[in-house]
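This briefing walks through one protein chain, topic by topic. Keep the sequence and the 3D view open while reading.

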Amino acid sequence: MTTLAHHLPDAGSYVEMTASDELAARVRVVHAEGAGLTLSTPLAAVPRVGASVTLRWSAAPRGRYVLPCSVIEVEENRVEVRPAAEAQVEQQRHYVRGGGGEQIILRRPGWTDAHGWIRDISEHSARAHFEGTNVVAGEGLQLWIQLGSEIVDLSATASRVAMLPQQVPPGPMSVEIVAVFDSDEAQARVIRRYVMRQQLLSRTRA
């Protein structure tokens with residue numbers, strides 16, 4: 001990423017806010033001066049005071065700005081945040097995500113292979129679901145991922161783990177894992193090509 005000091009989105013503009021790697025929410029910048037920002041967010045997406053959030057907005061044609069922030073005050077749907085670092089430019093190819101349903105195998109020394117499916121994937125992270133496995137955040141993983149006719153084998157780290165009990169019908173515990181990794185250029189090319197192909201198919205079906 002390219003660093004850009006003290007860059008903030010414009011007041012009145014809309015940005016993407018992500019908290020704890022959950023789904024992003026579209027929020028409006030109400031005030032953007034000095035050391036902080038005031039955001040107007042959907043009530044369902046209001047973060048708690050003290051939470052870490054990430055703001056993203058366009059930096060065309062290079063990609064988009066990325067600004068990590070801390071939530072310092074919340075009043076109904078108004079959220080005050082303070083940048084926790086300088087804004088950076090995230091290159092376009094680094095955040096292209098897509099896919100869903102691809103086979104993935106999680107491998108760890110001393111453990112039985114865990115089979116699961118991809119929810120989404122990018123060049124630097126994947127969100128996947130597994131059944132009956134026990135993983136903790138920060139743990140090292142080896143991921144074997146089938147992307148169409150190609151396979152990528154990645155060394156990764158679990159950045160977030162959520163236990164999701166199956167309710168209907170009752171069944172084994174499902175585990176959602178967000179894993180981050182540094183793909184080499186060959187692996188990144190496979191992922192990028194696959195995601196672009198899936199996005200094209202999605203647009204064609206629409």
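In this predicted model, strands β9 and β10 pair in the antiparallel sense, over 4 bridges. The chain as a whole has 1 helix and 14 strands. Of its 206 residues, 41% count as buried.

**The chain overall**

- Among the contacts with a separation of 6 or more, 53% are made by residues 24 or more positions apart.

- R108 lies over the face of W111, at 4.1 Å from the ring centre.

**From β10 to β11**

- β10 and β11 also pair in the antiparallel sense, here over 5 bridges.
- They form a hairpin with 3 residues between the strands.
- W117 has H129 in β11 as its bridge partner.
- D120 stands opposite R127 in β11.

**From β11 to β14**

- β11 pairs with β14 as well, in the antiparallel sense and over 7 bridges.
- A128 has I177 in β14 as its bridge partner, and A126 stands opposite A179 in β14.
- Both strands are mostly covered: 6 of the 7 residues of β11 are buried, and 7 of the 8 residues of β14 are buried.

**The nonpolar cores**

- In soluble globular proteins, nonpolar side chains tend to be buried together.
- Here the largest nonpolar core has 25 residues.
- The residues with the most contacts inside this core are L106, I121, L141, L143, I145, L147 and I177.
- At least two residues of the core come from each of β9 (103-107), β10 (114-121), β11 (125-131), β12 (140-147), β13 (150-164), β14 (174-181) and α1 (185-205).
- Another core, of 21 residues, lies apart from the largest one; V15, W57, L67 and A87 are among its members.
- What does I145 touch, not counting residues up to four places away in sequence? I145 touches Q103, I104, I118, I121, E150, I151, V152 and L154.

- V27 is located in strand β3 (residues 25-33).
- Is V27 buried or exposed? Its relative accessible area is 0%, so V27 counts as buried.
- Leaving aside neighbours within four places in sequence, V27 is in contact with S13, Y14, V15, M17, L39, S40, T41 and P42.
- The C-alpha atoms of V27 and A45 are 9.1 Å apart in space, and the two residues are 18 residues apart in sequence.
- Y14, one of the contacts of V27, also has a charge over its ring: the charged end of R26 sits there, 3.9 Å from the ring centre.

**The aromatic pair**

- How many aromatic pairs does a search of the whole structure find? The search finds 1 aromatic pair.
- Why is the pair of W57 and Y65 called tilted? The ring centres are 5.2 Å apart and the planes of W57 and Y65 stand at 40°; planes under 30 degrees apart would count as stacked and planes over 60 as edge-to-face, so this pair is tilted.
- Both W57 and Y65 are buried.

**A positive phi at E76**

- Most residues other than glycine have a negative phi.
- E76 is not a glycine, although its phi is positive, at about 55°.
- Where is E76? E76 lies in the loop between β6 (63-75) and β7 (78-83).
- Is E76 buried or exposed? Exposed means over 50% relative accessible area, and E76 has a relative accessibility of 67%, so E76 counts as exposed.

Methods
Residues are numbered from 1 along each chain as its sequence is written. This is a predicted model: local features need pLDDT of at least 70, side-chain atom pairs count only at pLDDT 80 or more; totals for chains, interfaces and linings use all residues. Side-chain values use heavy atoms; hydrogens and water are left out. Rings of Phe, Tyr and Trp (its six-membered ring) pair if their centres lie within 6.5 Å; planes under 30 degrees apart count as stacked, over 60 as edge-to-face and the rest as tilted. Buried means under 20% relative accessible area, exposed over 50%, partly exposed in between (1.4 Å probe, protein chains only). A charge sits over a ring if NZ of Lys or CZ of Arg is within 6 Å of the ring centre and within 35 degrees of the ring normal. Contact means heavy atoms within 4.5 Å. A nonpolar core is a set of buried Ala, Val, Leu, Ile, Met, Phe, Trp, Tyr and Cys residues joined through side-chain atoms within 4.5 Å. Two strands pair if DSSP finds at least two bridges between them.
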